[in-house]
Amino acid sequence: MAGDDPGKSKTNAEPIDANSQYYLHPSDYPKQLQVNKNLTDNNFNDWSQEMTNFLFAKNKIGFFDGSLLKPDKSDDKYMTWMRCDAMIKGWLTTAMDKEIRSSVKYANTALEIWNDLHERFGKESAPREYELKQSITQTR
């Protein structure tokens, strides 16, 4: 509503400290551009580093390193956590190519998306390495 303090939690009307991992700045929105290039099949390491820096700057790393787990539905922080997680899912999916985005759109949490991306793209691929070395060798 107009006039509501954006720093207040909707569940308990207590202000959320700007240093809290649950804090969302009034200028934050799900389609916010936060990396230079969208995630593709061949730029995961660079994309992941940029996204990690962005999430660290936004104080949202706890959603990815396991230190800030999803609270129970009965917990006062449940809705606040869900709101932050939805924002992070928006940030992640906005920074992906359409094909990759469609493969993660049914994930329940941002952590599930992050883990899926690391599993799919984060491993070094010996066949891909060989292919790249062959390409470099043939390039003049």
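Predicted model: local features only at pLDDT ≥ 70, side-chain atom pairs only at ≥ 80, totals over all residues.
Residues are numbered from 1 along each chain as its sequence is written, and side-chain values use heavy atoms, with hydrogens and water left out.

**Overall fold**
- The protein chain has five helices and zero strands, where helices (H or I, at least four residues) and strands (E, at least two) are DSSP runs numbered from the N terminus.
- Along the sequence the pattern reads α-α-α-α-α.
- Of the 140 residues in the protein chain, 34% are buried (buried is under 20% relative accessible area, exposed over 50%, partly exposed in between, with a 1.4 Å probe and protein chains only).
- Taking contacts (heavy atoms within 4.5 Å) between residues at least 6 apart in sequence, 59% join residues at least 24 apart.

**Aromatic pairs**
- Rings of Phe, Tyr and Trp (its six-membered ring) pair if their centres lie within 6.5 Å; planes under 30 degrees apart are stacked, over 60 edge-to-face, and the rest tilted.
- By this rule there are seven aromatic pairs.
- Phe-44 and Trp-47 form a tilted pair, with 6.2 Å centre to centre and 35° between the planes.
- These two residues are about one helical turn apart because they lie three residues apart in helix H1.
- Both Phe-44 and Trp-47 are buried.
- Ring pairs join Phe-44, Trp-47, Phe-64, Trp-114 and Phe-121 into a cluster.

**Loop between H4 and H5**
- Gly-122 lies in the loop between helix H4 (110–121) and helix H5 (126–138).
- Its relative accessible area is 37%, so Gly-122 is partly exposed.
- The C-alpha atoms of Gly-122 and Ser-48 are separated by 8.9 Å, although the two residues are 74 residues apart along the chain.

**Loop between H1 and H2**
- Asn-59 is in the loop between helix H1 (44–57) and helix H2 (78–94).
- Asn-59 has a positive phi of about 65° and is not a glycine.
- Most residues other than glycine have a negative phi.
- With 28% relative accessibility, Asn-59 counts as partly exposed.
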